[in-house]
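I opened my notebook to look up a few features of this protein model. Here is the structure I worked from.

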Amino acid sequence: MSWGTELWDQFDNLEKHTQWGIDILEKYIKFVKERTEIELSYAKQLRNLSKKYQPKKNSKEEEEYRYTACQAFLSTLNEMNDYAGQHEVISENLTSKIIAGLARYVQELKQERKSHFHDGRKAQQHIETCWKQLESSKRRFERECKEADRAQQYFEKMDADINVTKADVEKARQQAQLRHQMAEDSKADYSSILQKFNHEQREYYYTHIPTIFQQIQEMEERRIVRLGESMKTYAEVDRQVTPIIGKCLDGIVKAAEAIDQKNDSQLVIEAYKSGFEPPGDIEFEDYTQPMKRTVSENSLSNSRGEGKAEPKFGGKAKGKLWPFIKKNKLSLKLGSTPEDFSNLPPEQRRKKLQQKVDELNKDIQKEVDQRDAITKMKDVYLKNPQMGDPASLDHKLAEVNQNIEKLRLEAQKFEAWLAEVEGRLPARGEQARRQSGLYDAQSAPAVNNCAQARESPDGSYTEEQSQESEVKVPAMDFDDEFDDEEPLPAIGTCKALYTFDGQNEGTISVVEGETLYVIEEDKGDGWTRIRRSEDEEGYVPTSYVEVYLDKNAKGAKTYI
């Protein structure tokens with residue numbers, strides 16, 4: 001099976017076919033190139049997607065990744081980033097192993113094809129030239145034969161005519177002989193050219209053209225083989241990254257299997273546990289009879305039901321109460337956070353304090369390491385003065401020691417608060433009743449010369465110095481405002497669930513089990529205003545009391 005023998009007369013068709021083959025190769029190169037662009041675009045989109053959902057540093061999202069489900073999602077994002085990298089590898093390998101090689105091969109193929117068809121066209125032109133020479137020789141031979149025949153006929157005519165002179169007859173005879181000789185020469189030339197043409201034609205159809213077409217056939221077959229090899233490489237490039245992609249997917253599966261729902265549930269408890277106990281049972285209130293108020297030994301002896309006037313509080317308590325409450329609310333609006341995290345529930349406060357202590361200990365350790373390094377350097381300078389002046393490190397060493405002392409004092413302060421909180425929190429598994437409200441701020445003494453912390457009605461701790469820097473409201477304004485105001489009527493009663501030592505301005509001390517009057521409900525700040533006697537009223541944490549509102553005053557009973 002050879003194109004040279006089978007397709008000896010299909011020169012033009014072979015030329016078209018080989019051009020089509022090159023077009024196919026270029027089309028495949030274009031296909032692979034577009035595939036590489038798709039892979040790069042896909043990898044870029046995957047990376048952007050992974051980056052988009054990565055947790056932002058120093059944000060709330062980082063805290064969410066404590067949960068195993070979020071950690072699995074983070075692992076998925078990281079694996080997808082690696083997955084995108086494998087698609088970039090595919091693009092690079094396709095470019096280097098297929099596109100670059102095929103592009104060079106196409107250029108070489110075009111040059112080879114051009115050379116082969118140039119040789120074929122040259123052989124074709126040569127045989128055409130030989131054919132033209134043969135045709136020219138043939139026509140000349142035919143023409144000379146006709147001329148010789150006419151000259152012979154003319155001679156015979158002259159020779160038969162008796163009126164023609166002998167000289168004319170001789171002239172006609174010589175002319176006939178000349179034409180006959182010319183015809184013989186043309187015949188010999190034609191025969192020679194014919195033999196030469198036949199030889200060239202045999203060479204053309206049995207040697208030159210078969211050789212050229214065989215080379216073209218081999219060129220085309222190499223093109224086909226190269227295209228097939230490129231397709232194999234195309235598949236192999238994908239197959240090479242398949243194991244790595246499989247590992248990425250295995251990593252996602254492994255991360256998903258590592259999800260521990262129990263651990264996540266425990267983390268939720270640790271994150272939001274307040275340390276309070278649920279409220280007790282609600283006592284039955286009989287509305288079929290007039291409300292009876294039970295008064296403890298420390299409560300006011302007269303009640304609203306006896307028809308006595310409401311007690312009035314003294315101007316001193318009134319003057320101290322309102323400016324304090326106003327100042328606290330303004331400070332809350334300014335977004336101030338107590339240093340000891342006293343605005344948080346006990347369990348959350350303990351966690352925050354522990355975290356702060358750990359951070360301070362790490363900072364202390366860093367400073368200690370730095371001090372040790374400076375000390376070692378100073379020793380080196382002392383032993384080798386040419387390396388540096390030991391006195392130049394004294395200032396830095398003193399500064400580091402000062403930082404260490406400052407951090408230790410700070411750590412001791414937070415450790416004292418932590419010890420206070422841990423002392424207040426009941427032991428795990430303890431069946432005794434635990435405090436369910438804000439704990440007493442007066443049980444912890446001052447530690448390490450720190451400023452005394454005081455509990456304010458919003459549940460936060462403030463230091464004496466910080467109180468001076470907060471928004472101050474002159475007491476005179478509020479004295480003037482409330483001097484002529486009638487005392488608030490009682491709107492219900494409350495029962496103290498726990499003892500509260502209210503020593504701060506605006507607060508009032510209560511004893512567990514004591515019954516008092518409610519004169520102002522909780523406005524959302526966690527404090528309820530109560531009254532014991534005419535001169536004793538103030539705020540207590542709402543969670544420390546159980547409130548029974550007068551149905552005639554509020555129309556409902558609330559309790560915390």
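My entries cover salt bridges and then a strand hairpin.

**Ground rules.** I worked on a predicted model, where local features need pLDDT of at least 70, side-chain atom pairs count only at pLDDT 80 or more, and totals for chains, interfaces and linings use all residues. Residues are numbered from 1 along each chain as its sequence is written, and side-chain values use heavy atoms, with hydrogens and water left out.

**Salt bridges.** I took a salt bridge as a side-chain nitrogen of Lys or Arg within 4 Å of a carboxyl oxygen of Asp or Glu. I found 22 of them by this rule.

I looked up Glu-39 and found its salt bridge with Arg-35, with the closest N and O atoms 2.7 Å apart. Both lie in helix 2 (residues 11–52), 4 residues apart, about one turn of the helix. I took helices (H or I, at least four residues) and strands (E, at least two) as DSSP runs, numbered from the N terminus. Glu-39 is buried at 8% relative accessibility. Arg-35 is buried too, at 15%. Buried means under 20% relative accessible area, exposed over 50%, and partly exposed in between (1.4 Å probe, protein chains only).

Next I checked Arg-140 and Asp-189, whose side chains meet at 2.2 Å, N to O. Arg-140 is in helix 4 (residues 68–160) and Asp-189 in helix 5 (residues 166–257), so the pair ties together parts 49 residues apart in sequence.

**Hairpin.** I saw strand 5 (residues 527–533) run antiparallel to strand 6, joined by 6 bridges. Strands pair if DSSP finds at least two bridges between them. The hairpin has 2 residues between its strands. Arg-531 has Glu-537 as its bridge partner in strand 6.
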